[in-house]
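Colleague: Could you walk me through this model and tell me what stands behind the words you use for it?
Modeller: Gladly, have a look here.
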Amino acid sequence: DQEIALGRDFTTLSRHVLSHLGSYSADAYDLSALMSRIGLAGKMVSRHLSRAGLVEDALGVTGEVNVQGEAVKKMDQYANRIFIRAFEQSGLVCRLASEEMEKPYYLPENCPIGRYTLLFDPIDGSSNIDANLAVGSIFSVRQQEGLDESGEALDLLQNGHKQIAAGYILYGSSTMLVYSIGKGVHSFTLDPSFGEFVLSQEHVRIPSHGPTYSINEGNFWQWEDNIREYVRYIHRQPGYSARYSGALVADIHRILFQGGIFLYPGMVGHLDGKLRLLYESAPLAFLVTQAGGRATTGKQEVLDVVPQKLHSRTPLFIGSSEDVALVETFLRGEK
Ligand code: AHM
Ligand code: MG
């Protein structure tokens with residue numbers, strides 16, 4: 001009825017963070033303000049994407065190549081800028097690091113008091129944009145630990161347990177934000193009629209097993225034997241469906257709610273696979289672990305990995321605990 005609908009509409013993102021921290025301390029307000037700025041960036045990216053065929057700078061490439069050696073899409077650049085702008089003059093974040101920037105980006109006006117670093121992938125799955133398919137943004141918040149004047153961000157080269165908050169925004173048939181501050185996983189849907197992320201589901205739990213396996217089978221002959229054996233085994237089992245959208249966020253969103261596994265293994269000449277630890281694998285590992293699932297590189301838990309560089313990559317096996325355990329038996333050569 002009306003009261004229930006009103007209660008739901010008022011459970012906005014910033015309010016939810018405060019209520020989950022159970023305190024009204026300065027830290028709690030900071031984190032709530034931070035999440036609401038991330039939400040603001042998500043709304044702006046969502047608005048731009050929804051007009052992609054109508055505005056100048058949304059479709060196609062810029063002509064530049066990023067630090068990863070990939071062609072920069074106009075939308076990658078736009079979304080990267082939006083996340084930076086959202087934190088200017090915020091007093092919250094002194095430094096941002098993203099897939100699109102070789103080095104961390106400082107917001108000097110925030111540095112005297114800004115105690116957090118934001119790591120993000122502004123547009124995950126950007127090859128989907130020109131096809132009008134789902135894409136995402138991934139974010140991770142860490143405590144700023146001193147200033148690293150060298151610009152190498154050496155203090156960021158720490159494991160994923162150091163994340164204070166992490167999550168993603170999925171720009172799909174609706175725009176959703178899923179986050180964790182270490183107190184479970186909660187999902188929000190953007191209500192475009194009044195421009196707020198409104199609570200959809202609290203304490204999301206990933207099923208311990210699910211029907212989906214999500215891997216780019218085009219790489220079949222570039223994988224190691226044990227991954228090929230695993231996929232052949234799955235092909236012979238009843239009840240599995242392959243789903244691979246080209247956007248990690250969309251694939252993991254399905255798996256988070258319905259169960260299953262996403263895999264991006266190492267390949268010939270690319271033993272660490274494709275996905276970057278600090279702003280792709282680690283935040284998603286934080287989230288999925290908080291929901292009761294697992295994430296491993298095949299050698300160690302993703303959250304335990306200490307990266308060598310800002311843009312380090314790792315293989316990724318993430319999802320339902322039983323499905324991750326199954327692939328591990330193949331990785332160990334037991335099956
Ligand atoms: P991006 O952030 O540059 O778009 O790259 C990450 C994306 C993931 O979302 C997706 O799962 C993967 O790259 C797809 O790569 P591939 O085409 O090699 O399967
Ligand atoms: Mg990405």
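Colleague: How do the residues of the shell around ligand 1 divide into nonpolar, polar and charged?
Modeller: There are 2 nonpolar, 4 polar and 5 charged residues in that shell. Ala, Val, Leu, Ile, Met, Phe, Trp, Tyr, Cys and Pro count as nonpolar, Asp, Glu, Lys and Arg as charged, and the others, Gly among them, as polar. This is a predicted model, in which local features need pLDDT of at least 70 and side-chain atom pairs count only at pLDDT 80 or more, while totals for chains, interfaces and linings use all residues. Residues are numbered from 1 along each chain as its sequence is written, and chains are lettered from A and ligands numbered from 1 in the order in which they are written.

Colleague: Which residues surround ligand 1?
Modeller: Glu70, Glu99, Asp121, Asp124, Gly125, Ser126, Asn216, Gly246, Ala247, Leu248 and Lys274 do. A residue is near a molecule if its C-beta atom, placed from the backbone, lies within 6 Å of it.

Colleague: Which residues does UniProt list for "binding site"?
Modeller: The UniProt record, an unreviewed entry, lists Glu99, Asp121 and Ile123. UniProt positions are given in the numbering used here, feature names are shortened, and annotations may be inferred rather than shown by experiment.

Colleague: Why do you say that they gather at one spot?
Modeller: They span 25 residues in sequence, but no two of their C-alpha atoms are more than 8.9 Å apart, so they gather at one spot.

Colleague: Why is Glu99 called buried?
Modeller: The label needs 20 or more other C-beta atoms within 10 Å of a residue's own; exposed means 12 or fewer, partly exposed is in between, and C-beta atoms are placed from the backbone. Glu99 has 24 other C-beta atoms within 10 Å, so Glu99 is buried. Its place is in the loop between β3 (93-98) and β4 (105-106); helices (H or I, at least four residues) and strands (E, at least two) are DSSP runs, numbered from the N terminus.

Colleague: What makes Ile123 buried?
Modeller: Ile123 has 28 other C-beta atoms within 10 Å, so the label buried applies. Ile123 is placed in strand β5 (residues 116-124). Leaving aside neighbours within four places in sequence, Ile123 is in contact with Lys73, Met75, Asp76, Ala79, Val135 and Ser137. Contact is called when two C-beta atoms, placed from the backbone, lie within 7 Å.

Colleague: How do β5 and strand β6 pair?
Modeller: β5 and strand β6 (residues 135-143) pair in the antiparallel sense over 7 bridges. DSSP has to find at least two bridges between two strands, so these two count as a pair. Thr117 stands opposite Arg142 in β6.

Colleague: In what order do the 8 strands form the open sheet?
Modeller: The order is β4-β3-β5-β6-β7-β8-β9-β10, and the pairing is mixed. β4 and β10 (196-201) stand at the edges, each with a single partner strand, so one side of each is left without a neighbour in the sheet.

Colleague: Why is Gln89 called exposed?
Modeller: Gln89 has 9 other C-beta atoms within 10 Å, so Gln89 is exposed. Gln89 lies in the loop between α4 (74-87) and β3. Gln89 also has a positive phi of about 55° although it is not a glycine. Most residues other than glycine have a negative phi.

Colleague: And what makes Asn132 exposed?
Modeller: With 10 other C-beta atoms within 10 Å, Asn132 is exposed. Asn132 is found in the loop between β5 and β6, and its phi is near 55°, a positive value in a residue other than glycine.
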